[in-house]
Amino acid sequence: MQNGTKELVLSLAVAGTTILALAGGPTRGESTTVHPAEIKDVLHNPDVGWCLLTFGGWNSVEDSTVNLTGGDGAPLFDVVVLDFMWVHLEPENNVFDWKKMDAIIDYWTKRGKQYSMRICMSYYTPLYRETKEFWWKTTEPPAWLFDELGCGYQEITTNKGRTLKRPHYYDPIFMEQHEEFLKALAAHYDKPNNRSAFMEIRSHGKWGEWRGDSYFNWTDVKQQHDTLAELIRQYPRNLKHTPFCIPGYVKRNETYSSLDDYMYKMAYDVSESLGVMNRRDGFPRPFESSLYMDQRPWKHWPRIPCVGELNNYVGFDPEEYQSLVDYHVNIAQPYTTNFKHR
């Protein structure tokens, strides 16, 4: 603490003591009985709290505002997450459509909410399409990326029989277009004093969760690290006023020799050096082994905020919320959605 700050704190402390004395506060030898009142209202603080996830938000403003949260305005939630894919916002090369996202942001900010953009630049798998629990209409990056610009890709067939294209993340075409999108996004939204609690650019992996995909073939570990590191560096180059967050997952069936090995392979060494917010998906029980994924946010929580996802679609056991406390989560996202088709 600098000397000037110390003097300011001491001055405030003396001023506070003087005010209490002048107000007739208790003097030495006297006692005062206090009867605290129970507060039933939600205590709202900026940049912390609960997320409301707007699955299907790109379809209409109505889809993003119908909610199951106990009243108009989602009173228990502080942050509304806008779930969009790249193709929804740039349907044609260099043609951007912000209208739906603008309308949703306008609706919720007028109700006192912060928002988070969760934009997937990679691909989703429509695991629950038949039940409409998830109803991703598009599950790939924009077709023009491959068909017009010739970006390289690998294909995967999902367990529902769909074939999806995943870009070669190291392809210069993908890298260039990824950053061009970020520049356009920043020009439209990255303003001083905006109402965004944080932004997720889901640049890599299944569901955009930054998970190392079992089916994606890297030439070697260095190519993987350098590619992911360059994607991470694009965020602070283009977003100056909006905090950004990088998802945290693990590669299925891959082993790591140490936390440092895990950090290097997933380029989290770079994100940590830049102070990028962490995200820990899959509380309290992740899909895969979580040894190093668990160590990462816990190690860095004193200086890097963490977003935590509760992975439970059925109901919540109060004990599960302890995991949010254990990891010092700043913003928590349960799967309590406003998805009207569930």
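This briefing describes the fold, the confidence and selected local features of one protein chain. The structure is a predicted model. The chain contains eleven helices and ten strands, and 51% of its 342 residues count as buried. Its average pLDDT is 77, with 72% of the residues scoring at least 70.

**Confidence along the chain**

- Among the elements of the chain, helix α6 (residues 172-189) has the highest mean pLDDT, at 98, whereas helix α1 (residues 3-22) has the lowest, at 38.
- The pLDDT is below 50 over residues 127-135, a stretch that has 22 contacts in the model beyond near neighbours in sequence.
- Residues 337-342 also have a pLDDT below 50, and this stretch has 27 contacts in the model beyond near neighbours in sequence.
- Where pLDDT is low, the predicted coordinates should not be read in detail.

**Contacts across the sequence**

- Of the contacts in the chain between residues at least 6 apart in sequence, 75% join residues at least 24 apart.
- Y321 belongs to the loop between β9 (306-310) and α11 (322-326).
- With a relative accessibility of 25%, Y321 counts as partly exposed.

**Packing of α6 with α7**

- Two packed helices are described by the angle between their axes and the distance between the axes.
- Helix α6 packs with helix α7 (residues 221-238) at an angle of about 20 degrees, and their axes are 10 Å apart.
- The two helices α6 and α7 are therefore roughly parallel to each other, since angles under 35 degrees count as such.
- The crossing of α6 and α7 is right-handed.
- On the α6 side, the contact is made by F174, M175, H178, E179, L182, K183 and A186; on the α7 side, T227, E230, L231, Q234, Y235, R237 and N238 take part.
- By class, the contact of α6 with α7 comprises six nonpolar, four polar and four charged residues.

**Packing of α6 with α4**

- Helix α6 also meets helix α4 (residues 99-109); the axes of α4 and α6 come within 13 Å and cross at roughly 40 degrees.
- Helices α4 and α6 are therefore oblique to each other.
- The crossing in which α4 passes α6 is right-handed.
- From α4, the residues M101, D102 and I105 meet L185, H188 and Y189 of α6.
- Four nonpolar residues, one polar residue and one charged residue make up the contact of α4 with α6.

**Residues with positive phi**

- Most residues other than glycine have a negative phi.
- D47 is not a glycine, yet has a positive phi, near 70 degrees.
- The loop between α1 and β1 (49-54) holds D47, and D47 counts as partly exposed because its relative accessibility is 39%.
- N193, likewise not a glycine, has a positive phi of about 65 degrees.
- N193 sits in the loop between α6 and β6 (196-202).
- The relative accessibility of N193 is 79%, so N193 counts as exposed.

Methods: Residues numbered from 1 in each chain as written. Predicted model: local features only at pLDDT ≥ 70, side-chain atom pairs only at ≥ 80, totals over all residues. Heavy atoms only, no water. pLDDT = per-residue confidence, 0-100. Helix = DSSP H or I, 4+ residues; strand = E, 2+ residues; numbered from the N terminus. Contact = heavy atoms within 4.5 Å. Axes fitted to C-alpha atoms, helices over the stretch in contact; angles between N-to-C directions. Parallel < 35°, antiparallel > 145°, perpendicular 65-115°, else oblique. Left-handed = near helix turned anticlockwise from the far one by under 90°. Nonpolar A, V, L, I, M, F, W, Y, C, P; charged D, E, K, R; others polar. Buried < 20%, exposed > 50% of the residue type's maximum accessible area, 1.4 Å probe, protein only.
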